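Reader: I would like to go through a structure feature by feature. Please give the general idea where there is one, then the case at hand.

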Amino acid sequence: MSAAEQTLASDDAVPLSLRGPAPTRVVAGYGFWLFLLSDIIIFAALFAAYAVLSGETAGGPTAADLFDRSMC
């Protein structure tokens, strides 16, 4: 077998487009991290919005006014 045939026979010489689908383990791992990172981004935005807007009620009732148990 010549050096050129050995090079073509190895997996590294085959372009990615011809190697076929990725193994299930790789795809599942990538999906897990993608899901985890998207949740982190969503909750970070939620907590940031709460931190910025929690004191900005524009003169409306406060939480103590809304949920005062003595009025019930």
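Reader: Is Phe43 buried, partly exposed or exposed, and what is its relative accessible area?

Author: This is a predicted model. In it Phe43 has a relative accessible area of 44%.

Reader: What share of the 72 residues in the chain is buried?

Author: Buried residues account for 0% of the chain. The chain exposes about 6800 Å², and 69% of that area is supplied by carbon and sulfur atoms.

Reader: Which secondary structure does the chain have?

Author: There are three helices and zero strands. Along the sequence the pattern reads α-α-α.

Reader: Where is confidence lowest and where is it highest?

Author: The general idea is that coordinates with low pLDDT should not be read in detail. Here the lowest confidence is in helix α1 (residues 3-9), with a mean of 58. The highest is in helix α2 (residues 24-53), at 94. The average pLDDT of the chain is 81, and 78% of the residues score at least 70.

Reader: How many aromatic pairs does a search of the whole structure find?

Author: Two aromatic pairs are found. In one, the ring centres of Phe32 and Trp33 are 5.1 Å apart and the planes are at 70 degrees, so this pair is edge-to-face. Phe32 is partly exposed at 46% relative accessibility, while Trp33 is exposed at 52%.

Reader: What is the geometry of the rings of Phe43 and Phe47?

Author: In general, the distance of the centres and the angle of the planes describe a pair of aromatic rings. For Phe43 and Phe47 the centres are 6.4 Å apart and the planes are at 35 degrees, so the pair is tilted.

Reader: Why are Phe43 and Phe47 separated by about one helical turn?

Author: Because the two residues are four apart in helix α2.

Reader: Which residues form a nonpolar patch on the surface?

Author: The patch consists of Phe32, Trp33, Leu36, Leu37 and Ile40. Together these residues have about 510 Å² of accessible area. Ile40 belongs to helix α2 and is partly exposed, with a relative accessible area of 48%.

Notes:
Residues numbered from 1 in each chain as written. Predicted model: local features only at pLDDT ≥ 70, side-chain atom pairs only at ≥ 80, totals over all residues. Heavy atoms only, no water. pLDDT = per-residue confidence, 0-100. Buried < 20%, exposed > 50% of the residue type's maximum accessible area, 1.4 Å probe, protein only. Areas by Shrake-Rupley, 256 points an atom, 1.4 Å probe, with all protein chains shown as cover. Phe/Tyr/Trp six-rings, centres within 6.5 Å; stacked < 30°, edge-to-face > 60°. Patch = residues over 30% accessible without salt bridge, like charges linked within 9 Å, V, L, I, M, F, W, Y side chains within 5 Å. Salt bridge = Lys/Arg side-chain N within 4 Å of Asp/Glu carboxyl O.
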